[in-house]
Amino acid sequence: MAGHTQQPSGRGNTGPAPSPSPGPGPGPGAPERVALKKEIGLVSACTIIIGNIIGSGIFISPKGVLEHSGSVGLALFVWVLGGGVTALGSLCYAELGVAIPKSGGDYAYVTEIFGGLAGFLLLWSAVLIMYPTSLAVISMTFSNYVLQPVFPNCIPPATASRVLSMACLMLLTWVNSSSVRWATRIQDIFTGGKLLALSLIIGMGFVQIFQGHFEELQPSNAFDFWMTPSVGHLALAFLQGSFAFSGWNFLNYVTEELVDPRKNLPRAIFISIPLVTFVYTFTNVAYFTAMSPQELLASNAVAVTFGEKLLGYFSWVMPVSVALSTFGGINGYLFTSSRLCFSGAREGHLPSLLAMIHVRHCTPIPALLVCVNLLIPAAYLVFWAFLLVFSFISEPMVCGVGVIIILTGVPVFFLGVFWRSKPKCVHRLTESMTRWGQELCFVVYPQGTPEEEENGPCQPSPLPATDKPLKTQ
């Protein structure tokens with residue numbers, strides 16, 4: 001395969017050695033194997049899921065569900081149902097992660113089950129639209145809330161926000177390029193900060209309830225509809241609630257870096273999803289103890305309004321909490337999305353340079369720079385098919401544009417991946433660009449474990465047989 005370096009024979013090793021540690025392994029003079037390290041334990045696995053689900057939305061504008069529900073009681077029910085639907089999906093992914101222990105999440109599973117074209121289209125839409133726009137929006141939110149104390153009476157200058165956003169992205173890209181352990185520690189710390197901030201909101205909500213301020217939560221008021229929601233409104237409310245849980249599947253993007261994934265992947269999912277459902281539901285309960293539905297719908301930053309009403313001098317805690325939440329969210333997106341690009345390159349759907357890792361840090365620097373019961377997955381698919389149909393009915397133009405963007409990947413797939421008999425000049429060009437990228441980023445293909453070397457690779461070669469191997473340095 002192009003770009004492979006000569007790998008050690010693996011003789012004398014009794015098992016894979018993900019990180020330097022005493023015990024059986026290569027002798028003192030043997031070089032350390034260049035491969036992704038298994039450095040993500042159960043706690044870090046939980047913080048990856050929780051940190052990617054809980055973003056700035058619950059602090060800024062959790063009003064989409066309320067707007068389409070028409071009442072407080074139904075809105076709270078939708079939040080609980082959103083957590084239940086997410087739990088169904090997480091059960092499916094726990095089984096998939098154990099059955100197909102590859103990094104890459106959705107992309108790895110779609111490619112394995114439905115073939116290269118389906119996987120490439122998913123990868124195409126993610127790399128072209130989803131991850132770049134998500135990172136841009138989250139980083140701009142971070143910079144706006146960091147600059148808010150500096151510009152308390154006006155909107156922060158656009159130039160200052162952009163510079164701070166770029167500095168944040170560059171810093172976290174460097175951290176993720178330097179060490180998986182550093183990246184997971186940042187994720188642990190900032191996810192803890194999010195949960196502390198939301199615990200403060202929930203605690204203040206309980207204080208309000210004990211003081212008798214729960215008028216909006218009484219059944220007679222909670223189910224007092226100011227509008228009669230149609231089926232379309234209910235579908236949009238459920239859609240908003242389910243989207244608030246997006247990110248629950250991100251741990252599956254780093255399966256190969258999990259310590260004991262067969263145990264820790266399901267455990268992390270089973271711990272994280274109920275916890276996030278509890279936090280989301282009771283955060284909204286707390287909001288309704290201090291604000292009426294009309295005030296919540298009118299607020300552009302619900303947590304800030306909540307803090308101004310109840311925290312007084314300490315209301316500055318809420319903008320800081322939003323900034324911390326978004327900073328951790330950026331780190332989580334970078335950490336997981338880079339593994340998607342890494343997995344895509346390993347399958348030959350992206351330039352092979354992206355499938356290489358740093359020879360010392362064992363991080364994918366090029367990628368950074370750029371048995372469950374069948375009733376459960378069936379119910380999950382039916383739910384999302386229902387929402388998808390009503391989304392097309394309610395917003396046909398927006399959904400149509402999304403479909404067109406995805407389909408633009410079809411000609412790219414056939415020209416870049418399916419067409420193997422390309423002219424030699426194209427192969428020479430890609431080979432020289434890959435070698436230049438290797439020298440710039442100091443990366444090589446990860447080496448297989450000793451078991452893989454003895455049994456052969458588990459995935460097919462992503463490059464055509466006509467490619468010339470890159471020279472090793």
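Helix α8 spans residues 180-210 and holds both Arg185 and Asp188. These two residues sit three apart, about one turn of the helix, and their side chains meet in a salt bridge with 3.6 Å from N to O. The model you are looking at is predicted, and it holds seven salt bridges in total.

**The pair in helix α8**

- With a relative accessible area of 42%, Arg185 is partly exposed, and its partner in the salt bridge is Asp188.
- As background, side chains of opposite charge can pair when their charged atoms come close.

**The pair in helix α19**

- Another salt bridge joins Arg435 to Glu431, where the closest N and O atoms are 3.1 Å apart.
- Both residues belong to helix α19, which covers residues 424-441.
- Because Arg435 and Glu431 are four residues apart in that helix, about one helical turn separates them.
- Arg435 counts as partly exposed, at 22% relative accessibility.
- Glu431 is buried, its relative accessible area being 18%; the cut-off for buried is under 20%.

**A pair that links a helix and a loop**

- Glu112 and Lys102 form a salt bridge, and their closest N and O atoms are 3.2 Å apart.
- Glu112 is part of helix α5 (residues 106-114), while Lys102 lies in the loop between α4 (72-99) and α5, so this pair ties together parts that are 10 residues apart in sequence.
- Is each partner buried or exposed, or something in between? Glu112 counts as partly exposed at 46% relative accessibility, whereas Lys102 counts as buried at 15%.
- The story of this pair also takes in Glu347: Lys102, Glu112 and Glu347 are linked in a network of salt bridges.

- How many disulfides does the structure hold? The number is zero.
- Cys341 is buried, with 8% relative accessible area.
- Cys399 is buried too, and its relative accessible area is 17%.

**To take away**

- When you turn to the 3D view, you can look for Arg185 and Asp188 in helix α8, then for Arg435 and Glu431 in helix α19, and finally for the network of Lys102, Glu112 and Glu347.

Terms used:
Residues numbered from 1 in each chain as written. Predicted model: local features only at pLDDT ≥ 70, side-chain atom pairs only at ≥ 80, totals over all residues. Heavy atoms only, no water. Salt bridge = Lys/Arg side-chain N within 4 Å of Asp/Glu carboxyl O. Buried < 20%, exposed > 50% of the residue type's maximum accessible area, 1.4 Å probe, protein only. Disulfide = S-S within 2.5 Å.
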